[in-house]
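Student: Give me a close look at one part of this structure. Then link the rest to it.

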Amino acid sequence: MQLQLISPLDMHLHLRQGDMLKNIAPLSSKYFAGALIMPNTTPPITTKEMVREYKKEILDATKGDNFTPYMTLFFKDYGYEFLKEIRDEILSIKLYPAGITTNSEGGVEKIDIDSLAPTLEAMSELNIPLCVHGESNGFVMDREAEFIPIYKRLAKAFPKLKIIMEHITTKEAARALQEEENLYATITLHHLYITLDDVAGGLLRPHLFCKPIAKRPEDKEALLELALNAHPKVMFGSDSAPHPRSAKEAPGCAAGVFTAPIALPLLAELFEKFDKLDNLQPFISLNATKIYNINPPQKMVTLVKEEFEVPISYNDVVPFKSGERVSWRVK
Ligand code: DOR
Ligand code: ZN
């Protein structure tokens, strides 16, 4: 049995820098036609020069793979003229609340609509979507749900601004998506597979620790409902976030699940299990092309129903399902 995917897209990806980037970027570019590249590098991507340099670093590492890195800027106050000039070189701007996750210290201290308005109005006018890591600084399990009113206020205050709720993990986010016309969402692979029980219900599993943390079974069900039916306002964004093994297997474990190299086989397995294989194409590509109005490179990726064992690690980065068997593989 075979499955052909046309131009798969990963609309939320961390590629890092330097040697890490050289090692892991090809694990996305082999399997995907393009990806939205997160800007939480050190330092974060905030200028035109940085966008160009980072894009070049990615293109050099993925040469020959027919892969488009869609670049993002790290949200801060930007003026209209600057945004107008950079508009054609980025696909979106990513907003992080300050300190909420890896390398987000320079993020927004307080999400106050009035103070963010000049930049958001300019983005709205220039048609630049806003991607948001939507978590409050409250109790860890409640952070996303507590952020929903902010999403709604933003959506209402800037009705022409496309707002993407990144890596949603809750039924509350799934509901908000349906309630505001200009809210969209990405869903990761791991949040379709795991709940908090998998992370911390038995022995602690650091390689499943990420932000936002995986939630309850009913939350996972709400995400599955959206993804498996390829709801037109959701798209795949892996949030694949590599950290060296030493940073994960440590007293202070870094947040991030590394899924890029096995995302397509595991999505095929999941969609097949629920008899929804027909919906994988829109979830993995078509929805994103419509939401972002992009034309990714033509790239056919063939999956075959043959077992393979997920490697224990890729250059010292331990992947999701490390050492386990998956029933599909990329040909
Ligand atoms: O778990 C996460 N890791 N969540 C994020 O939002 C960032 C990411 C990273 O960059 O490591
Ligand atoms: Zn992320």
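Tutor: Helices (H or I, at least four residues) and strands (E, at least two) are DSSP runs, numbered from the N terminus. The model is predicted: local features need pLDDT of at least 70, side-chain atom pairs count only at pLDDT 80 or more, and totals for chains, interfaces and linings use all residues. Residues are numbered from 1 along each chain as its sequence is written, chains are lettered from A and ligands numbered from 1 in the order in which they are written, and side-chain values use heavy atoms, with hydrogens and water left out.

Take the parallel sheet. It is open and has 8 strands, in the order E2-E3-E4-E5-E6-E7-E8-E9. Pairing here requires at least two DSSP bridges between two strands. Which strands stand at the edges? They are E2 (9–13) and E9 (234–236). Each has a single partner strand, so one side of each is left without a neighbour in the sheet. On average, neighbouring strands are turned by 25 degrees against each other, direction ignored. Angles use lines fitted to C-alpha atoms, for helices over the stretch in contact, and run from 0 to 180 degrees between N-to-C directions.

Inside the sheet, 4 bridges join E3 (residues 34–37) to E4 (residues 68–74) in the parallel sense. One residue pair to find is Ala-35 with its bridge partner in E4, Pro-69.

Contact means heavy atoms within 4.5 Å. Helix H5 (residues 143–157) lies across E6 (130–132), E7 (163–165) and E8. H5 runs at about 165 degrees to E7.

Glu-180 sits in the loop between H6 (171–179) and E8 (183–187), so the pair ties together parts that are 24 residues apart in sequence. The whole structure holds 13 salt bridges.

Next, the loops. Pro-43 lies between E3 and H2 (48–61). The peptide bond from Thr-42 to Pro-43 is cis, with omega about -10 degrees. Pro-212 is in the loop between H8 (196–200) and H9 (217–228). Most peptide bonds are trans.

Polar contacts with the ligand (N or O pairs within 3.5 Å) include one from the side chain of Asn-40, 2.9 Å from a ligand oxygen. The backbone contributes too: an N or O atom of Ala-255 is 3.0 Å from a ligand nitrogen. Likewise, a backbone N or O atom of Gly-256 is 3.2 Å from a ligand oxygen. The protein covers 100% of the 290 Å² of accessible area that ligand 1 has on its own (Shrake-Rupley, 1.4 Å probe).

Finally, follow the chain back from E2. The loop between E1 and E2 holds Ser-7. Its phi is near 45 degrees, positive in a residue other than glycine. E1 belongs to another open sheet, antiparallel, with 3 strands in the order E1-E10-E13. E1 (2–6) and E13 (329–330) are the edge strands, each with a single partner, so one side of each is left without a neighbour in the sheet. Between E1 and E10 (residues 300–304) there are 5 bridges. Leu-3 has Leu-303 of E10 as its bridge partner. Helix H11 (residues 263–273) packs on this sheet and touches E1, E10 and E13, at about 60 degrees to E10.

Technical notes. Polar contact = N/O pair within 3.5 Å; in protein donor to acceptor, adjacent residues only side chain to side chain. Salt bridge = Lys/Arg side-chain N within 4 Å of Asp/Glu carboxyl O.
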